[in-house]
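Okay everyone, thanks for making time.

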Amino acid sequence: MPIGTKIFLPLRGRVGIRSFSSSGARWESTALPASKPVGAFRGGVFGFLTGSVAAGALVYYYILTEYRLANETLSEDIAALQKATMKLQTYITELESRVDTLHKKK
């Protein structure tokens with residue numbers, strides 16, 4: 001008696017017998033294909049590219065931060081220079097007006 005019928009004998013009246021079929025190829029043990037190991041060259045190239053991209057991203061972020069800081073400093077210096085130039089210009093015009101009044105009095 002096949003194994004399938006022995007297992008389902010107590011269920012014969014309640015449930016129809018279910019037949020199991022399996023092919024021989026399914027149960028035969030076949031060797032799995034060997035996975036191709038990652039070679040030292042491919043691993044080295046991948047590691048180099050990963051490191052280069054990470055270093056490039058960090059350098060880009062650093063340079064961008066330095067650029068923003070230098071730009072802000074330069075803007076502040078330009079504003080201070082403009083303020084000093086305006087102040088100097090007002091002093092010069094005031095001094096010229098005083099010199100003109102002194103020359104007129106003589």
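So, E94 and R98 both sit in helix α3, four residues apart, which is about one turn of the helix. By helix I mean a DSSP run of H or I with at least four residues, and helices are numbered from the N terminus. Quick note: this is a predicted model, where local features need pLDDT of at least 70 and side-chain atom pairs count only at pLDDT 80 or more, while totals for chains, interfaces and linings use all residues. Residues are numbered from 1 along each chain as its sequence is written, and side-chain values use heavy atoms, with hydrogens and water left out.

Back to our pair. What do the side chains of E94 and R98 form? They meet in a salt bridge, 2.9 Å from N to O; that term needs a side-chain nitrogen of Lys or Arg within 4 Å of a carboxyl oxygen of Asp or Glu. Searching the whole structure turns up one salt bridge. R98 is exposed, because its relative accessible area is 53%, whereas E94 is partly exposed at 39%. The cut-offs: buried is under 20%, exposed is over 50%, and partly exposed is in between, with a 1.4 Å probe and protein chains only.

Now V45, also in helix α3, which covers residues 40–105. V45 counts as partly exposed because its relative accessibility is 35%.

Last stop: residues 45–64. The UniProt record, an unreviewed entry, puts a "transmembrane region" there, and such annotations may be inferred rather than shown by experiment. In the model that span is 100% helix and 0% strand, with its end C-alpha atoms 28 Å apart. A strand, by the way, is a DSSP run of E with at least two residues.
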